[in-house]
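Subject: Structure handover

Hi,

Here is the structure we talked about. Please open it alongside this note; my findings follow below it.

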Amino acid sequence: MSSALLAVQVLNGLQLGVLLFLIASGLTLVFGVMNFLNLAHGALFMVGAYLAVFFYQTSGEFFVALPLALICAVGLAMLLEATVLRHFYTADHLAQLLATFGLILILNDSAKAIWGSIPRSLPIPELLDASIPLFGDLSYPVYRLMVIAVGLIVAAALYYIVQHTRFGMLVRAGAADGEMLAALGVDVRKLFMTVLIGGSALAALAGILAGPLIAIQPGMGDTVLILAFVVIVIGGAGSIRGAFIAALLVGLVDTLGRSFATDFFRLFLSPATANEVGPAVASILIYALMALVLALRPAGLFPAAGRT
Amino acid sequence: MMRAMARYAVAAVVFWGLAAIPLVADFFGQSYLVSLATRIVIFALAAVTLDFLLGIGGLVSLGHAAFIGIGAYVVAVFSLYGVSELLIVLPAAVIASGLFALATGALALRTRGINFIMITLAFAQMLYFGTTSFSALGGDDGFTLPMRSSVLGIRALDSATGLFWISFTLLAFTYLLFQVLALSSFGRALGALKQNSDRMEALGVDRWQIQLRAYVISGGVCAIAGVLLANLTGFVSPSYIAWQRSGDLIIMSVVGGQGTIIGAIAGAAGFLGLEEYLSQYFEYWRLVLGPIAIVIALLVAKPLRFSRRHG
């Protein structure tokens, strides 16, 4: 493996990592503040991507489609909150699981009914459809760099909001001890609703940004949702910092594993066996990482204050 | 006492009802009903194992399809070596699945509540992706089995009714096993841990050990469903482990009444019957299932506000 190839794969890993962070950050706060399991969170990722395709087809311009898709996705999140999710804030986890699983079934099959099961694609916006040279004769697409940049900006903004604003203070307090916060007179329900809808917006944003990079199809949000779960388990529920570090870790381990596992096994296995073992190991690497973290620190790497 | 009597009456109705299907199918010449009934029996078996864990133990596993997958893949692996004897394949599947449950459960049970749900889901997904890249058994495309299993060399599973009756017998044994377990001191301790694990631990009960034992028994026995499913379809693929399957199993085991064991069998029958009926007319039948799941959720919802200890 050359160092240039390694650099490209590290960037790819970072790009996957920031997308995972956008999805996991909202989810981890929803867990943290109110112990709420929202399986439908991943569906917002899918909805964002599909809406981006829809608005791109009608407007012909990615940067018009992006805000429109985001607004509509937030509208949908508010609708889901008002009609279904709201009734399960105080329910047990099994009921939350069933209700949000039901929402996934509805959203996935609606997407299938409206847009069909054939994967859609979104072109890379013209403005960013270029590559910039890294070093040597290697270059990297500008669009992917922009995704990384947007992810890092959102991460910084979230960190500021959670650590340095009054709202963030309430969110952290809610994650540490929601009961006490409610007893102090804070409207935890409203706080929670804000976090839920803000988190949904981030998931939709991730879907829109990922649109030009992956196949857009029904159920695409489910795989991502489970990856976000792995991120949250590793990072520790309720912690933005944990979600950020775990997301980058998962992104890098997954991408580098897929690129280099086969080469790695060739070092001490026959090529045929390595070709067999490499991809299999690469595909389960992040789950092995999760198992390792669970064995060493069951509460995750950076559990929110008050959760040990 | 009355409730127990009522439950046994329901059990009798459910089992006699299932047993009647092949006879009815034969009478009306609707042979596809036998394969539907076999599917119901197989998923009922899986739902029973989940109901013990979820309904009695309060352990919400969203990765139970993994155990079905392990059972199915054990059949496939043995077929590569020309072994199709059910008396070898079935115990092997149960042991393999139990070991997977032991390894993943030991880690997952270090956490509780939402984390447990996410971790069981993640480990099932690990197995899903592991099987998609398992190229010796067809990877993504799945693997067609060369033949159905035999019992003591007799090809008893080759006929649709033979497979049904063997599945039915195994379901009956599974039902009895979990019914006995639920009433045993182990089952009582498991149920008490669901209600108040702090108090139980104060009484000196080892939460981790009892819940892990339940998880291993549930996961191990669930592999029987996988062995039977592979025999029914003649085919093994990663789709058996897809996480939606785990969600379906939860619906089946919850809808008939949590922790009633017999309810899981009725739930599986209702779920698969509805699927069979709706998917004839309507490609997007899950659009109907979704609202049903939400309604079930509203019915089973118990307030659990802010209780960190149980969460």
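Gly139(B) is in contact with Thr132(B), Ser133(B) and Phe134(B), leaving aside its neighbours within four places in sequence. Bear in mind that this is a predicted model. Gly139(B) sits in the loop between H5 and strand E1 (143-144) of chain B. Is Gly139(B) buried or partly exposed? It has 16 C-beta neighbours inside 10 Å, so it counts as partly exposed. As a distance check, take Gly139(B) and Glu276(B): 137 residues apart in sequence, and 28 Å apart in space from C-alpha to C-alpha.

Leu181(B) is another partly exposed position, with 19 C-beta neighbours inside 10 Å. The cut-off for buried is 20 or more. Leu181(B) belongs to helix H6 (residues 160-183) of chain B. It touches Phe52(B), Phe186(B) and Gly187(B), not counting residues up to four places away in sequence. Leu62(B) is 119 residues from Leu181(B) along the chain, and their C-alpha atoms are separated by 22 Å.

Ile261(B) has a positive phi of about 65°, although it is not a glycine. With 27 C-beta neighbours inside 10 Å, Ile261(B) counts as buried.

Gly211(A) is in the loop between helix H7 (188-210) and helix H8 (220-235) of chain A. It has 26 C-beta neighbours inside 10 Å and therefore counts as buried. Which residues does Gly211(A) touch, not counting those up to four places away in sequence? They are Ala49(A), Ala52(A), Val53(A), Leu122(A) and Ile216(A). Of these contacts, Ala52(A) is 159 residues from Gly211(A) in sequence, yet the C-alpha atoms are 7.5 Å apart.

Next, the helix packing inside chain A. The axes of helix H6 (residues 166-183) of chain A and H7(A) come within 11 Å and cross at roughly 150°. H6(A) and H7(A) are therefore roughly antiparallel to each other, since the cut-off is an angle over 145 degrees. Their crossing is left-handed. On the H6(A) side, the contact uses Leu170(A), Val171(A), Gly174(A), Gly178(A), Leu181(A) and Ala182(A). On the H7(A) side, Val188(A), Leu191(A) and Val195(A) meet them. By class, the contact of H6(A) with H7(A) has seven nonpolar, two polar and no charged residues.

On to the interface. How many residues of chain B are in contact with chain A? There are 45, and they meet 44 residues of chain A. Three helices of chain B each supply at least two residues to this side: H5 (113-132), H10 (243-255) and H12 (286-300). H5(B) gives the largest share, 13 residues. The side of chain B that touches chain A divides into 31 nonpolar, ten polar and four charged residues.

One helix pair between the chains is worth a view. Helix H4 (residues 93-115) of chain A packs against H10(B) at an angle of about 120°, with the axes 11 Å apart. Why is this pair called oblique? An angle over 145 degrees would count as roughly antiparallel and 65 to 115 as roughly perpendicular, so H4(A) and H10(B) are oblique to each other. H4(A) passes H10(B) in a left-handed crossing. H4(A) contributes Leu94(A), Leu97(A), Leu98(A) and Phe101(A) to the contact. H10(B) contributes Gly247(B), Ile250(B), Ile251(B) and Val254(B). The contact of H4(A) with H10(B) has seven nonpolar, one polar and no charged residues.

Last, the core. The largest nonpolar core has 212 residues. Leu98(A), Val230(A), Val231(A), Ala44(B) and Ala122(B) touch the most other members. Ala44(B) touches Leu171(B), Ala264(B), Ile265(B), Ala268(B) and Ala269(B), not counting residues up to four places away in sequence.

Over to you.

Best wishes

Definitions and conventions. Residues numbered from 1 in each chain as written. Chains lettered and ligands numbered in written order. Predicted model: local features only at pLDDT ≥ 70, side-chain atom pairs only at ≥ 80, totals over all residues. Contact = placed C-beta atoms within 7 Å. Helix = DSSP H or I, 4+ residues; strand = E, 2+ residues; numbered from the N terminus. Nonpolar A, V, L, I, M, F, W, Y, C, P; charged D, E, K, R; others polar. Axes fitted to C-alpha atoms, helices over the stretch in contact; angles between N-to-C directions. Parallel < 35°, antiparallel > 145°, perpendicular 65-115°, else oblique. Left-handed = near helix turned anticlockwise from the far one by under 90°. Buried ≥ 20, exposed ≤ 12 C-beta atoms within 10 Å, placed from the backbone. Core = buried A, V, L, I, M, F, W, Y, C linked by C-beta atoms within 7 Å.
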